[in-house]
Amino acid sequence: MRQRALRNALLPICMIASLTVLASHAGVLRDDAAATPQGRAAEARWEKFADQNARSGDLRLQLLFGPGAIPLEQFVERARGSTDPFVLSTLSHRCDRAQWEAAASTPGAADAVPKGCDAVEFARRWVAVDAENQLAWLTLATRLDRRGDIGGARSAIKRAARASSYRTLYGEAARTIVRILPRDLKDVEPLAFAGGILAIAATQPYPTSQPLFRACKLPDMHSDCARIADVMFRDSEILVDLFVATALSAKLDVERETVRYRVQQSYAIRWILGQHTTLDEPSPDDFDAIKQFAREIEERASMGELAWFREALRKRGVSEADAAMRFEKSMTQEQRMHYEAMLKPWEMTKP
């Protein structure tokens, strides 16, 4: 079971959206590996590594390694003067969750949300230091939409259309950990650390695209949303962004050649995803396979998910057009219907 969970987490490192930023630092090896003396020592080393980073003075590392042990109010207090987009975006998500949970419980429960834990305020601080990043503005739109400020959300989406780039922060979680990994890992330790990276990276927050898609149905948002789709597609680093940009451009009924090219890219990635990501966790006594497994995790974190998949295509000698054709031929009727529905243009509605 744990082997399947690790393999599923691998499918893409940073694609999995989670309601909270929780990182488990135990049980990163499957049962047969963890039961060996080397396995127990490897897990102990990972847990020590995680604990040291949770207790470090680096707020980013604390957010990654310590959310289960450090109260949210301490993070909020420490982030008071932060200008790190990763810190601000992560706390915007965590405060949004805390506020939502409080509102959904008993009357007066909002008092349990730490002072200063304001999801919208953290998102505003993010756009203030990262104004050319579409993702920052789209996150602000998501937070405002949650508050019922539809007009504010729409204005944030319009402002996103003027941003010059789309810089995802989800891969940054894995890269942050990769940069500080010990270089003397041995035996099954690379496997334990690879599992730990996956466990943390897979729980990073992802903003919902619902407010964006809802706003983009309006005729006066058409050009803004087409611009967002263009920049998101150009800069996308993870699968979710590629799929959102492709679906959005298709729904807007932008130029057919553009949509066909983006669909081809999506299909090609889906094909290599099915071909290249069925890696099983290596046997605990196959040290060469363990090193290769850990190396691929590190490469994917460093390169970015889409670049890694495209490199996998190149190594196989398969063009993106050929991979897309293979995926399309292999699609089930159910998959075909799903894609056709996703790519069907909207009938634009009035405000």
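Among contacts between residues at least 6 apart in the sequence of this chain, 73% join residues at least 24 apart. Keep in mind as you read on that this is a predicted model.

The chain's secondary structure is made up of 19 helices and zero strands. It has 351 residues, of which 53% count as buried.

Now let us step inside. The largest nonpolar core holds 114 residues, and those with the most contacts within it are Phe-65, Ile-228 and Leu-248. Helix 14 (residues 239-251) gives this core its largest share, nine residues.

Phe-65 turns up again among the aromatic rings: ring pairs link Phe-65 with Trp-46, Phe-49 and Phe-193 into a cluster.

Next come the aromatic pairs. A pair of aromatic rings is described by how far apart the centres are and by the angle of the planes. A search of the whole structure finds eleven aromatic pairs. Two of them involve Tyr-267, and the table sets them out.

| Pair | Centre to centre | Angle between planes | Arrangement |
|---|---|---|---|
| Tyr-267 and Phe-327 | 5.2 Å | 50 degrees | tilted |
| Tyr-267 and Tyr-339 | 5.2 Å | 85 degrees | edge-to-face |

Which parts of the chain does the pair of Tyr-267 and Phe-327 link? Tyr-267 belongs to helix 15 (residues 256-276) and Phe-327 to helix 18 (residues 320-330), so the pair links distant parts of the chain, 60 residues apart. Tyr-339, for its part, lies in helix 19 (residues 333-342) while Tyr-267 lies in helix 15, so their pair ties together parts that are 72 residues apart in sequence.

Where does the charged end of Arg-300 sit? It is placed over the ring of Trp-308, 3.9 Å from the ring's centre. Elsewhere, Arg-262 lies over the face of Phe-233, at 4.9 Å from the ring centre.

How values were computed:
Residues are numbered from 1 along each chain as its sequence is written. This is a predicted model: local features need pLDDT of at least 70, side-chain atom pairs count only at pLDDT 80 or more; totals for chains, interfaces and linings use all residues. Side-chain values use heavy atoms; hydrogens and water are left out. Rings of Phe, Tyr and Trp (its six-membered ring) pair if their centres lie within 6.5 Å; planes under 30 degrees apart count as stacked, over 60 as edge-to-face and the rest as tilted. Helices (H or I, at least four residues) and strands (E, at least two) are DSSP runs, numbered from the N terminus. A charge sits over a ring if NZ of Lys or CZ of Arg is within 6 Å of the ring centre and within 35 degrees of the ring normal. Buried means under 20% relative accessible area, exposed over 50%, partly exposed in between (1.4 Å probe, protein chains only). Contact means heavy atoms within 4.5 Å. A nonpolar core is a set of buried Ala, Val, Leu, Ile, Met, Phe, Trp, Tyr and Cys residues joined through side-chain atoms within 4.5 Å.
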